[in-house]
Amino acid sequence: MANNPQNYPVARNEDLSTTTVGDEIVVYDHLTQNASCLNAVTAAVWTACNGKNTHYDLLDTLKQAGFEDASEETVNLALNELFQADLLLQRTRAATGKSHN
């Protein structure tokens with residue numbers, strides 16, 4: 001299961017413009033002409049979605065960024081938000097609602 005590509009989310013970066021506002025990132029999608037405002041947690045997860053980080057790596061990234069109370073559920077919620085905003089290249093287990101245990 002560790003080699004399943006669904007365990008390694010990849011952020012979509014093409015056709016997007018980003019602006020940092022405080023600890024949030026505003027993302028404008030030129031294809032859909034929609035804007036998304038990512039809070040600090042979701043922004044940190046999106047930035048770390050490089051196709052090499054597992055959900056557990058993303059959780060570690062959050063904790064290292066000072067989000068000590070972050071949990072696996074925090075990562076799953078952030079990934080789901082990113083999927084809904086079409087900011088991930090592929091559907092992840094979190095976005096499908098399936099457990100990765």
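Author: β1 and strand β2 (residues 24-29) pair in the antiparallel sense over six bridges; two strands pair if DSSP finds at least two bridges between them. Strands here are DSSP runs (E, at least two residues) and helices are too (H or I, at least four), numbered from the N terminus. This is a predicted model: local features need pLDDT of at least 70, side-chain atom pairs count only at pLDDT 80 or more, and totals for chains, interfaces and linings use all residues. Residues are numbered from 1 along each chain as its sequence is written, and side-chain values use heavy atoms, with hydrogens and water left out.

Reader: Ok, and what stands opposite threonine 20?

Author: Isoleucine 25 in β2.

Reader: What's the strand order in the sheet?

Author: β1-β2-β3, an open sheet of three strands with antiparallel pairing. β1 (16-21) and β3 (34-38) are the edge strands, each pairing on one side only.

Reader: Switching to helices: at what angle do α1 and α3 pack?

Author: About 80°, with the axes of α1 and α3 (residues 72-84) 9 Å apart. Axes are lines fitted to C-alpha atoms, for helices over the stretch in contact, and angles run from 0 to 180 degrees between N-to-C directions. α1 and α3 are therefore roughly perpendicular to each other (65 to 115 degrees).

Reader: And threonine 54, buried or exposed?

Author: Threonine 54 counts as buried because its relative accessibility is 18% (buried is under 20% relative accessible area, exposed over 50%, partly exposed in between; 1.4 Å probe, protein chains only). Threonine 54 is in the loop between α1 (40-48) and α2 (55-64).

Reader: What does threonine 54 contact, leaving aside neighbours within four places in sequence?

Author: Asn7 and Tyr8, where contact means heavy atoms within 4.5 Å.

Note on methods:
Angles under 35 degrees count as roughly parallel, over 145 as roughly antiparallel, 65 to 115 as roughly perpendicular and the rest as oblique.
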